[in-house]
Every structure is written in C-alpha cells, then in structure tokens.
Amino acid sequence: MTIKERLRNPFVQQYLLEILLPIVGYYFFDWSLIIIASFYLIDQIGSEYSFVRKFQAIRKSENKSGFRYSLMAIIFFLMIVCVEIFALYYFFRDENVEVEQKMITELAVFAKEELWIILPLIILTYHLKDQFTFFMPRRYLQKESKKFVQGQLIELSLIAGLVVVGLVVFSNFVIRDQILLFSFLAVKLLFDFTIGKYIEKRSTR
C-alpha cells in the first residue's frame with residue numbers, strides 16, 4: 001500500500017489529526033500544555049458524538065429505542081469530563097495570580113482564534129471516519145448495544161482514571177513540557193491499540 005493510499009484511510013487521517021496537530025501546535029503555534037489538554041478534551045467530544053451515532057444505529061438495527069441509554073451515556077460522559085477538568089485545573093493551577101491569569105488568557109485566546117475551526121474539524125473527521133468504516137460496511141449489524149455501551153462506559157472511566165493518576169504522578173516531579181507531551185502521546189497510542197481495541201472487539205456479536 002502506497003503512502004497516498006494510507007493517507008486516504010480514515011483511521012490514519014484521524015490519528016494524524018490527534019497526534020500531529022498538538023505537536024505542530026506546540027512547536028509552531030506556541031500552544032501550552034493546557035491548550036493541548038483542552039484540545040484532547042475537545043477530541044473527547046468528537047469521540048462521544050461518534051459513539052452516540054453508532055449506538056443509535058445499533059439500537060435501530062435491533063428494533064429498539066436508544067434515546068434513554070444515549071442520554072445516560074452523555075450524562076456519564078459529562079461527569080467524566082468534569083473530573084478531568086478538575087484534575088487538569090489542580091495540575092496547572094498556580095499560587096501566583098499573574099501566572100494563573102495568563103493561563104486563563106491563553107484559553108480565552110485559543111477559544112476565540114482557533115476553537116471555532118478545530119471543533120468542527122474534529123467532528124467532521126469522526127463523522128467521515130464513521131461513514132466509511134462503520135456505516136457503509138454496515139458494521140452496526142455486528143454489534144450488540146448492551147456490550148457497546150458498557151464498553152464506552154468502561155473506556156471513559158479508564159481514560160479519566162489514567163488522566164488523574166498521570167497528573168498526580170507528574171505533579172510530584174519537575175519534568176520538561178516536551179517529555180510530558182510525548183509521554184501522554186505514547187500512553188494514548190498504547191491505550192488505543194490495546195485496551196481500546198479489546199473493548200471494541202468485545203462489543204461484537
């Protein structure tokens with residue numbers, strides 16, 4: 001398979017966005033770690049959007065309504081995001097008022113200048129990937145809704161747990177930002193290709 005053909009793969013496109021964009025942002029657009037953390041929180045929104053679409057298709061194929069379970073999953077997702085935001089605030093907070101104000105200003109500038117294009121881009125990337133890898137091959141017919149939603153809840157819980165544990169561990173050491181960034185990316189890739197793949201496999205009939 002040529003490089004051009006690989007780049008057409010929706011999975012490759014998604015990972016290029018998730019992995020390369022934060023690196024490019026850090027080295028070329030002066031993104032701080034709090035901005036990159038915000039990017040991955042936004043990416044989680046895209047992931048949840050993907051889950052809800054898939055889950056609704058699976059429930060429809062089973063001739064069942066998925067609204068109640070989708071709502072429960074969204075509420076649980078929001079709870080997990082709140083835990084992650086609290087953990088990130090605890091990690092990045094600073095007793096120096098000026099430093100903390102600078103962090104808030106960075107987030108505000110990011111939201112104003114870049115968020116308006118990054119959020120739709122992430123949603124669109126997930127949407128197109130799902131169209132070509134899930135809906136067109138009719139893979140929702142191979143999934144079981146109960147296992148699918150259980151897998152999502154387990155995955156979200158594990159991600160939140162890893163975020164909290166990682167921030168607690170790294171808060172006790174003085175580590176360069178680059179090492180933190182690449183350590184996170186390595187853990188993310190390892191999680192996606194091991195636990196993530198296993199959870200996805202378990203949801204198949």
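User: In this predicted model, which helix holds Lys54, and is Lys54 buried or exposed?
Analyst: In the predicted model, Lys54 is found in helix H3. Its relative accessible area is 16%, and because a residue counts as buried when that value is under 20%, Lys54 belongs to the covered residues. The helix is therefore H3, and the state of Lys54 is buried.

User: Which residues does Lys54 touch, leaving out those up to four places away in sequence?
Analyst: Once residues up to four places away in sequence are set aside, the contacts of Lys54 include one with Asp130. The complete set of these contacts is Asp130, Phe134, Phe135 and Phe148.

User: How many of the residues of H3 are buried, and which residue with a positive phi follows H3?
Analyst: Helix H3 is mostly covered, since 23 of its 29 residues are buried. After the helix comes a residue whose phi is positive, near 60°. The count of buried residues is 23, and the residue that follows is Asn63.

User: Which helix gives the most to the lining of the second largest pocket?
Analyst: The second largest pocket has a volume of about 360 Å³, and 16 residues line it, with Ser38, Leu41, Ile42, Ile85 and Leu107 lying nearest its centre. Helices H3, H4, H5 and H6 each supply at least two residues of this lining. The helix that gives the most, with 6 residues, is H4.

User: How many charged residues does the lining of the second largest pocket have?
Analyst: When the lining is sorted by class, 15 of its residues are nonpolar and 1 is polar. The number of charged residues in the lining is none.

User: How is the pair of rings of Trp31 and Phe110 arranged?
Analyst: A search of the whole structure finds 12 aromatic pairs. In the pair of Trp31 and Phe110 the ring centres are 5.6 Å apart and the planes meet at 85°, and because planes over 60 degrees apart count as edge-to-face, the angle settles the arrangement. This pair links distant parts of the chain, with Trp31 in the loop between H2 and H3 and Phe110 in helix H5, 79 residues apart. The arrangement is edge-to-face.

User: Which residues form one aromatic cluster with Trp31 and Phe110?
Analyst: Trp31 is buried, with a relative accessible area of 6%, and Phe110 is buried at 5%. The rings of Phe39 and Tyr40 make an edge-to-face pair, with centres 5.1 Å apart and planes at 80°, and both Phe39 and Tyr40 are buried. Those that form one cluster with Trp31 and Phe110 are Phe39, Tyr40 and Phe184.

User: Where is Leu167 placed, and which residues does Leu167 touch beyond four places in sequence?
Analyst: Leu167 is buried, with a relative accessible area of 15%, and it is listed among the buried residues of H7, whose cover includes H3, H4 and helix H8. The place of Leu167 is helix H7, and the residues it touches are Ala87, Leu88 and Phe91.

Notes. Residues are numbered from 1 along each chain as its sequence is written. This is a predicted model: local features need pLDDT of at least 70, side-chain atom pairs count only at pLDDT 80 or more; totals for chains, interfaces and linings use all residues. Side-chain values use heavy atoms; hydrogens and water are left out. On a 1 Å grid over the protein atoms alone, a cavity is a set of points where a 1.4 Å probe fits but cannot get out, and a pocket is an open set with protein on both sides within 12 Å along at least five of seven lines; lining residues have an atom within 4 Å of a point. Grid points are joined across faces, edges and corners, and a volume is the space filled by probe spheres set on the points. Helices (H or I, at least four residues) and strands (E, at least two) are DSSP runs, numbered from the N terminus. Ala, Val, Leu, Ile, Met, Phe, Trp, Tyr, Cys and Pro count as nonpolar, Asp, Glu, Lys and Arg as charged, and the others, Gly among them, as polar. Buried means under 20% relative accessible area, exposed over 50%, partly exposed in between (1.4 Å probe, protein chains only). Contact means heavy atoms within 4.5 Å. Rings of Phe, Tyr and Trp (its six-membered ring) pair if their centres lie within 6.5 Å; planes under 30 degrees apart count as stacked, over 60 as edge-to-face and the rest as tilted.
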